Amino acid sequence: YCAPADWRGLGGALTRVEVKDIEGAHEALRAGQRLRFLLHANATFDAVVDGRRRRTAIRDADRQLEWLLRKLSATGCRPHEVDGRLQVVVGDTWRQRGARGKSMTTHQGVGFSGALVVDDPDRLRDALRRGVGRGRAYGFGLLTVAR
């Protein structure tokens, strides 16, 4: 369940708000279904630097793809394959800086797109509602699917 948006914080900036109920689309997900997907993610791993555990961005495209495969598996789906080739594109990476308390933080993003096959509709629904990976509070991890 997702709570409805509270638009009051925008004051009078919005003159008209329309909210589309997507629960019907979530409920229509079925095992074996093929979907297109788009994901802008903060692909990271934990590394020990100077004796401290730090989250580190994955910069290598092959390792970014491995990260995506682990995350897709955890969300109840897998990349669609055609003739043994994964139907996934690892896109450009970018950096995003923002304030975190009194200090600045930097996130590296990577875009993924392609086709997937649903294995577990319940886990995929959960991922669509909650997001995938780290950095969700900074706009990363929104998994979008379409027929």
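Visitor: Is Arg78 buried, partly exposed or exposed?
Guide: Arg78 counts as partly exposed, at 40% relative accessibility. Buried means under 20% relative accessible area, exposed over 50%, and partly exposed lies in between, with a 1.4 Å probe and protein chains only.

Visitor: What kind of model is this?
Guide: This is a predicted model: local features need pLDDT of at least 70, side-chain atom pairs count only at pLDDT 80 or more, and totals for chains, interfaces and linings use all residues. Residues are numbered from 1 along each chain as its sequence is written, and side-chain values use heavy atoms, with hydrogens and water left out.

Visitor: Back to Arg78. What does Asp119 form with it?
Guide: A salt bridge, with the closest N and O atoms 3.0 Å apart. The pair links distant parts of the chain: Asp119 is in the loop between β8 and α3, Arg78 is in strand β4, and they are 41 residues apart. Asp119 is partly exposed, with a relative accessible area of 38%.

Visitor: What are the cut-offs for a salt bridge? And for helices and strands?
Guide: A salt bridge needs a side-chain nitrogen of Lys or Arg within 4 Å of a carboxyl oxygen of Asp or Glu. Helices (H or I, at least four residues) and strands (E, at least two) are DSSP runs, numbered from the N terminus.

Visitor: How many salt bridges in the whole structure?
Guide: A search finds six. One of the salt bridges joins the side chains of Glu23 and Arg129, at 2.6 Å, N to O. Glu23 lies in helix α1 and Arg129 in helix α3 (residues 121–130), so this pair ties together parts 106 residues apart in sequence.

Visitor: How accessible are Glu23 and Arg129?
Guide: Glu23 is partly exposed, with a relative accessible area of 29%. Arg129 is partly exposed too, with 26%.

Visitor: Which residue does Asp120 bridge to?
Guide: Arg123, with the closest N and O atoms 3.8 Å apart. Asp120 is partly exposed at 24% relative accessibility. Arg123 is partly exposed, with a relative accessible area of 39%.

Visitor: New topic. How many aromatic pairs?
Guide: The count is one. Trp67 and Phe112 are stacked, 6.0 Å centre to centre with 15 degrees between the planes. Trp67 lies in helix α2 (residues 61–74) and Phe112 in strand β8 (residues 103–118), so the pair ties together parts 45 residues apart in sequence.

Visitor: What's the rule for pairing?
Guide: Rings of Phe, Tyr and Trp (its six-membered ring) pair if their centres lie within 6.5 Å; planes under 30 degrees apart count as stacked, over 60 as edge-to-face, and the rest as tilted.

Visitor: Trp67 and Phe112: buried or exposed?
Guide: Trp67 is buried, and so is Phe112.

Visitor: And where does the charged end of Arg63 sit?
Guide: Over the ring of Phe45, 4.7 Å from its centre. The criterion is NZ of Lys or CZ of Arg within 6 Å of the ring centre and within 35 degrees of the ring normal.

Visitor: What about Leu38 and Val88? How far apart?
Guide: They are 50 residues apart in sequence and 9.7 Å apart in space, C-alpha to C-alpha. Leu38 lies in strand β1 (residues 34–41). Leu38 is partly exposed, with a relative accessible area of 38%.

Visitor: Last one. Which elements have the lowest and highest mean pLDDT?
Guide: Strand β7 (residues 88–100) has the lowest, 78, and strand β4 (residues 77–79) the highest, 96. pLDDT is the predictor's confidence in each residue, from 0 to 100. The chain mean is 87, and 98% of its residues reach 70 or more.
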